[in-house]
Amino acid sequence: MKTFRLILLAVGSLGMIFPFVWMIATSLKFPADAFTLNLLPRQATLSNYVEVFIRTPFSQWVLNSVIIAFITTISVCFFDTVIGYVLAKFSFRGKKLIFAAILSTLMVPTEMLIIPWYLLTVKLGWVDSYVGILFPGLISAFGIFLMKQFMESLPEDLLDAARIDGMNEWKILLRIAVPLVKPALATLCILSFLGSWNAFIWPLIVTQTPEHLTIPVGISYFSSELKDSASWVLIMTGASLSVIPLIVTFFIFQKQIIRGIALTGFK
């Protein structure tokens with residue numbers, strides 16, 4: 001039985017890894033070999049990686065994605081943690097109604113929100129700017145739910161003891177609550193960073209000039225603007241470059257991610 005499970009896991013792993021390997025292999029091929037069925041290139045080349053930076057402002061796209069993902073992650077972790085703490089540890093009129101309203105936004109498809117987002121962006125003059133890309137993702141309903149669930153597990157006696165010692169609510173949140181829910185906070189940070197880094201539809205709509213594109217939108221630029229035999233090779237090359245920060249992030253925080261998911265399961 002154990003052998004069968006290992007074989008099943010190996011087959012599943014190969015199915016997930018194969019597209020990634022194909023992407024890397026294609027990025028090392030010459031344009032003429034892009035549509036061959038050979039997995040490994042007949043003659044590997046790194047010229048595609050140089051070509052990406054020559055033909056497009058790829059370094060600017062990377063910078064845009066880093067700035068947007070970083071600001072979004074910081075904002076989501078701060079606001080969601082504070083709101084989750086308030087909803088979990090304070091009693092006030094309408095708390096359940098507010099929490100239900102927040103959860104209800106999870107059932108609204110993003111496609112239905114794009115039009116009001118865009119109208120608001122145009123009215124405020126945020127089109128083709130960092131602010132225009134950022135504002136829909138600065139607070140996450142899922143993050144509020146996640147942090148509230150973990151905050152509810154904190155013992156009230158511990159927080160009351162801190163209040164008796166003279167600590168205000170901000171100090172209690174930062175010095176007691178946050179360290180105790182660090183796995184959940186780390187998970188939220190990772191999910192927010194990945195979601196912002198891979199966002200495509202909204203940045204595609206709100207950006208207009210190549211200098212303000214993010215990496216996912218910029219990769220689509222290869223097929224829509226270059227229109228030559230090298231475009232598909234460059235798409236694979238850009239995609240290969242775009243996953244490097246994600247891989248690095250995962251390997252740095254993989255323990256926190258696994259621990260956060262495990263604790264969420266126990267909840």
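Does D128 count as buried or exposed, and at what relative accessibility? At 14% relative accessibility, D128 counts as buried, because the cut-off for buried is under 20%. This is a predicted model.

## Overall fold

The chain holds 14 helices and zero strands. Read along the sequence, the pattern is therefore α-α-α-α-α-α-α-α-α-α-α-α-α-α. Taken along the principal axes, the C-alpha atoms fill a box of roughly 70 × 60 × 30 Å.

The chain has 267 residues, and 37% of them count as buried. Among contacts with a separation of 6 or more, 71% are between residues 24 or more positions apart.

## The loop residue D128

D128 is found in the loop between α5 and α6. Its backbone stands out on one count. Most residues other than glycine have a negative phi. D128 is not a glycine, yet its phi is positive, at about 60°.

## Aromatic pairs

How many aromatic pairs does a search of the whole structure find? The search finds eleven. One of them joins W117 and W202. Their ring centres are 5.5 Å apart, with 75° between the planes. That makes the pair edge-to-face, because the angle for this class is over 60 degrees.

W117 lies in helix α5, residues 110-124. W202 lies in helix α11, residues 201-206. The pair therefore ties together parts that are 85 residues apart in sequence. W117 is buried, and W202 is buried too. Ring pairs also link W117 and W202 with W126 and F135, and these four residues form a cluster.

F193 and W197 make another pair. Their ring centres are 5.8 Å apart and their planes meet at 20°, so this pair is stacked. Both residues lie in helix α10, which spans residues 182-198. They sit four residues apart, about one turn of the helix. F193 counts as buried at 19% relative accessibility; the cut-off is under 20%. W197 is buried as well, with a relative accessible area of 2%.

## Lysines over rings

Two lysines are placed over aromatic faces. K29 lies over the face of W22, at 5.0 Å from the ring centre. K148 lies over the face of F99, and here the distance from the ring centre is 4.4 Å.

## The largest pocket

The largest pocket has a volume of about 870 Å³. Its lining is made up of 30 residues. Which of them are closest to the pocket centre? They are T110, W117, P136, G137 and I139.

α3 (58-89), α5, α6 (130-134), α7 (141-151), α10 and α11 each supply at least two residues. Which helix gives the most? That is α10, with six residues. By class, the lining has 20 nonpolar residues and ten polar ones. It has no charged residues.

C77 is found in helix α3. The residue is buried, with a relative accessible area of 9%. Leaving aside neighbours within four places in sequence, C77 is in contact with L185, L188 and C189. C77 and T187 are 110 residues apart in sequence. In space, they are 9.9 Å apart, C-alpha to C-alpha.

At 16% relative accessibility, S196 counts as buried. Which residues does S196 touch, not counting those up to four places away in sequence? S196 touches I68, A69 and T72. S196 and I68 are 128 residues apart in sequence. Their C-alpha atoms are 7.1 Å apart in space.

Conventions
Residues are numbered from 1 along each chain as its sequence is written. This is a predicted model: local features need pLDDT of at least 70, side-chain atom pairs count only at pLDDT 80 or more; totals for chains, interfaces and linings use all residues. Side-chain values use heavy atoms; hydrogens and water are left out. Rings of Phe, Tyr and Trp (its six-membered ring) pair if their centres lie within 6.5 Å; planes under 30 degrees apart count as stacked, over 60 as edge-to-face and the rest as tilted. Buried means under 20% relative accessible area, exposed over 50%, partly exposed in between (1.4 Å probe, protein chains only). A charge sits over a ring if NZ of Lys or CZ of Arg is within 6 Å of the ring centre and within 35 degrees of the ring normal. On a 1 Å grid over the protein atoms alone, a cavity is a set of points where a 1.4 Å probe fits but cannot get out, and a pocket is an open set with protein on both sides within 12 Å along at least five of seven lines; lining residues have an atom within 4 Å of a point. Grid points are joined across faces, edges and corners, and a volume is the space filled by probe spheres set on the points. Ala, Val, Leu, Ile, Met, Phe, Trp, Tyr, Cys and Pro count as nonpolar, Asp, Glu, Lys and Arg as charged, and the others, Gly among them, as polar. Contact means heavy atoms within 4.5 Å.
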